[in-house]
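Trainee: I would like to learn how to read pockets, cavities and helix packing in a model. Can we work through one together?

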Amino acid sequence: METHRDQDPLETGEWLDALKSVVAAQGPERANYLLGRLLDEARRDGLFIPQALTTAYKNTIPPEKEVPFPGDRDTEHKIRAVIRWNAVAIILRANKESSELGGHIASFQSAATLYDIGFGHFWHAATDDHGGDLLYIQGHVAPGIYSRAFVEGRLTEQQLLNYRQEVDGIGISSYPHPWLMPDFWQFPTVSMGLGPLMAIYQARFLKYLEGRGLAKTEGRKVWAFLGDGECDEPESLGAISLAGRENLDNLIFVINCNLQRLDGPVRGNGKIIQELESMFRGAGWNVIKVVWGAGWDRLFAKDKDGILLKRMEECVDGQYQDFKSKDGAYVREHFFNTPELKELVADMSDEEVWKMNRGGHDPVKVYNAYLQAVRHKGQPTLILPKTVKGFGMGESGEGQMIAHQAKKMTQDALLKFRDRFQIPVTDEQVPELPFLTLDENSEEMQYLRARRAALGGYLPKRRAKSEALEIPPLETFDRLLKPSGERENSTTMAFVQMLGMLVRDKNIGKRIVPIVPDESRTFGMEGMFRQLGIYSSLGQLYKPQDADQLMYYRESKDGQVLQEGINEAGAMSSWICAATSYSTNNVPMIPFYIYYSMFGLQRVGDLAWAAGDMRCRGFLLGGTAGRTTLNGEGLQHEDGHSHILASTIPNCVSYDPTFAHELVVIIRDGMRRMYQEQEDVYYYITLMNENYPQPGMPEGAEEGIIRGMYLLKDGGKGAGKKPLRVQLMGSGTILREVIAAADLLREDFKVTADIWSVTSFNELRRDGMSAERHNLLHPTASRKKSYVESCLEGHDGPVIASTDYMRAFAEQVRSQIPRRYSVLGTDGFGRSDYRVKLRRFFEVNRWYVAVAALKALADEGEIGMDVVAGAIRKYGLDADKPNPWSV
């Protein structure tokens with residue numbers, strides 16, 4: 001757009017003619033180079049240069065730059081047609097009796113060519129010579145991937161017939177889910193936005209492994225497929241600047257621009273392709289647009305005045321959607337809407353006009369885009385193919401607002417679909433929707449097998465097991481298992497000390513991946529900056545400000561620490577990459593991601609759920625945990641519910657240890673389970689920043705620590721003929737308040753208390769559920785006892801539990817305690833103050849524990865209520881203050 005009148009049109013014309021002559025004589029590359037030099041010089045002279053981040057609304061690769069298609073197009077069309085048909089049949093047959101099962105037809109039909117070209121020509125399976133490409137497949141196209149696997153003989157007809165019917169163990173999952181299909185899917189992607197985010201960090205993690213000399217990842221590519229509508233999710237584009245900054249040329253995004261999201265156009269009043277191009281170019285990506293199919297090339301060649309491109313650029317996506325939902329006559333009338341434009345297609349029939357496809361449906365255009373992407377160096381690549389949602393579905397959904405929800409097709413639409421793609425199904429067979437195969441000796445089947453053989457085998461495919469690691473014995477950490485004497489220590493520092501031992505271990509040290517979101521100094525981990533180095537693909541191009549310090553900030557190409565900045569989603573994505581490296585790279589890694597516990601599962605809960613689905617193996621460490629333990633930071637920082645969130649993830653094993661010896665036993669056993677026995681679980685462990693003496697591990701406590709509770713201290717026989725007795729349970733730092741409460745009860749009221757350290761209420765709950773289920777379904781068998789019940793046998797008296805978390809945390813085991821059970825917890829918003837005041841406010845301190853124990857004894861008739869009232873007065877508890885969860 002001109003900002004002022006041209007003061008010298010003649011000079012302007014000379015400049016434009018010069019540019020045209022360079023393009024004509026030396027090509028666009030030379031012209032681009034000269035323009036770049038001019039712009040650089042102008043910037044140095046201080047001129048304002050408005051930056052254009054979009055190119056013309058046409059293909060990035062002109063026809064004359066295309067390489068010939070290397071495959072047999074007719075054969076590939078026949079294979080693709082069969083796959084298209086089966087993908088439709090899977091959905092229609094699943095919904096024949098009822099639409100309850102659901103499914104999606106339109107997404108794969110818009111993307112069939114995009115996947116077919118990848119499977120046929122680009123995507124490597126893992127072999128001895130190639131680590132394999134990693135595919136983040138768009139979730140809604142799963143039926144098309146199943147269809148291909150069926151044609152390849154990897155899935156059975158029975159499995160297709162049981163699409164979305166998994167309970168009996170013979171069906172296949174709705175979307176990519178490694179938990180449900182552990183030998184097939186690698187990455188869950190249907191929670192919109194997570195796939196592209198994880199793909200970026202996956203590409204970076206491959207560079208990390210290469211930089212540290214742990215794996216040869218050169219030549220491997222990470223391909224992420226997503227929809228244009230998915231790009232509205234902040235996670236989809238939130239890390240694209242990292243990919244550009246890190247020069248991740250092993251990363252390729254393919255955003256299928258069918259212009260539609262679930263309800264309507266993605267950008268009805270604009271152009272999503274242009275919008276995405278500008279975003280990604282600005283972030284340093286190489287962008288390849290595949291807007292128009294080959295049918296349009298002839299029109300571009302005929303158009304000497306640029307009127308076709310002008311019309312293309314003035315139309316918005318809402319119009320393009322409308323055009324493709326109609327027919328050729330409608331397109332002629334409303335797109336070619338001037339005499340000059342109509343003249344361009346005057347020699348074409350309406351059918352020929354209609355058949356001019358979008359670029360994403362043209363195998364040659366897609367192939368050339370992919371080829372340039374895999375060859376490009378120094379930048380990640382974005383491919384923007386324009387397609388039609390529901391391509392081929394006709395009146396049942398092609399280009400229509402309802403396309404995403406379409407689960408049925410009319411008989412007429414099916415017949416037209418068959419004819420359009422030349423599918424070998426008779427009129428009589430169409431209503432039966434047969435699943436089609438290729439004869440093993442057919443040209444098509446031989447071609448398909450040859451293509452995949454050349455690329456190393458079939459995809460998608462997931463590795464379930466890797467090499468088992470030799471885990472150091474518990475005695476390795478003997479220093480942390482012993483009493484600390486008068487020296488005080490926090491569990492956070494105990495973890496850092498243990499981590500220091502692990503990175504020095506000759507067997508697994510190099511596999512440890514410390515991950516922090518810009519909080520290393522908070523957790524006392526800055527010593528690892530110099531010892532291990534922070535990974536950077538550039539190394540360190542500057543002298544750090546603290547270079548004269550012992551623990552200076554050291555970045556290195558072979559650095560071991562992943563320091564992700566203030567970026568929990570990115571750090572969690574890196575952790576997922578490391579935690580699945582046993583599967584994706586056949587290189588087991590042991591990631592430890594430590595963060596403020598409040599900014600973990602609460603902030604990245606969707607990624608944590610995906611981590612469970614992906615069968616991650618590793619450790620999440622919720623630092624500064626507990627509602628009253630991180631005392632100064634206040635409401636947004638004080639965590640009183642992360643363990644409740646952890647309990648919702650079936651294969652997340654969570655612990656809230658109080659002492660260093662508990663932490664060491666838990667981490668060591670976790671490594672055994674995940675890396676020696678190769679169990680598909682991951683660990684969430686809370687760490688505290690409160691210092692206190694460490695008592696050392698009692699003899700025989702290891703099993704109880706792992707199972708979830710153990711007797712920390714037996715209260716003894718007690719005084720009198722009928723001694724009063726209670727069972728006190730606690731976890732985390734509040735266990736120390738429970739210990740102090742036992743002293744109060746003994747000294748002030750002659751009540752004996754046994755003290756139980758509960759390392760995991762969550763694991764106790766799961767054990768109890770298993771016992772309850774067994775007893776429900778085996779009514780005539782001997783009753784199975786839960787671990788909690790077995791522990792408490794022979795230990796009389798009511799049970800009182802207090803933790804630094806909401807009451808719901810300890811309430812989980814109520815059904816396993818067949819006696820009076822009282823629970824204290826930190827329900828409500830956190831706030832800033834001293835720990836002693838916070839614990840009084842939330843009513844979880846020693847005095848409240850003691851009063852709760854006395855009240856339980858009074859409810860049992862063991863003492864009078866006046867004793868309880870006296871204790872309330874004695875300890876100065878305000879009985880009339882508001883509930884902490886309501887203020």
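Trainee: How many residues line the second largest pocket, and which lie nearest its centre?

Mentor: Keep in mind that this is a predicted model. The second largest pocket is lined by 38 residues. Nearest its centre lie Lys355, Asn357, Phe391, Arg420 and Phe421. Its volume is about 1,000 Å³.

Trainee: Which element gives the most to the lining of the second largest pocket?

Mentor: H3 does, with 6 residues. H16 and helix H18 (411-421) also supply at least two residues each. By class, that lining divides into 10 nonpolar, 12 polar and 16 charged residues.

Trainee: How much space lies in the largest pocket?

Mentor: Start with the general idea. Rolling a probe the size of a water molecule over the atoms shows where empty space is left. Here the largest pocket holds about 2,300 Å³ of space. Its lining counts 48 residues, and the closest to its centre are Leu19, Asn32, Leu35, Thr54 and Thr55.

Trainee: Which elements give two or more residues to that lining?

Mentor: They are helix H1 (9-26), helix H2 (28-44), strand S4 (286-290), helix H11 (297-302) and helix H17 (363-375). The largest share, 11 residues, comes from H2. Sorted by class, the lining of the largest pocket has 23 nonpolar, 12 polar and 13 charged residues.

Trainee: Which residues line the largest cavity?

Mentor: Among them are Trp292, Trp296, Tyr320, Phe323, Lys324 and Trp354. Asn357 and Arg358 belong to the lining as well. Helix H13 (317-324) and helix H16 (350-354) are the elements that give two or more residues to the largest cavity. H13 has the largest share, with 3 residues. The class count for this lining is 9 nonpolar, 1 polar and 2 charged.

Trainee: What is the volume of the second largest cavity, and which residues line it?

Mentor: The volume is about 90 Å³. The lining is Glu76, Ile79, Asp116, Phe119, Gly120, Arg148, Tyr447, Leu448, Arg451 and Arg452. H3, H4 and helix H19 (443-454) each give two or more of these. H19 supplies the largest share, 4 residues. By class there are 4 nonpolar, 1 polar and 5 charged residues.

Trainee: Which residues make the contact?

Mentor: From H3, they are Glu76, Arg80, Ile83, Arg84, Ala87 and Val88. From H4, they are Phe108, Gln109, Ala112, Thr113, Asp116, Ile117 and His121. The contact has 6 nonpolar, 3 polar and 4 charged residues. Look again at Glu76 and Asp116. Both are in this contact, and both line the second largest cavity.

Notes
Residues are numbered from 1 along each chain as its sequence is written. This is a predicted model: local features need pLDDT of at least 70, side-chain atom pairs count only at pLDDT 80 or more; totals for chains, interfaces and linings use all residues. Side-chain values use heavy atoms; hydrogens and water are left out. Contact means heavy atoms within 4.5 Å. Ala, Val, Leu, Ile, Met, Phe, Trp, Tyr, Cys and Pro count as nonpolar, Asp, Glu, Lys and Arg as charged, and the others, Gly among them, as polar. On a 1 Å grid over the protein atoms alone, a cavity is a set of points where a 1.4 Å probe fits but cannot get out, and a pocket is an open set with protein on both sides within 12 Å along at least five of seven lines; lining residues have an atom within 4 Å of a point. Grid points are joined across faces, edges and corners, and a volume is the space filled by probe spheres set on the points.
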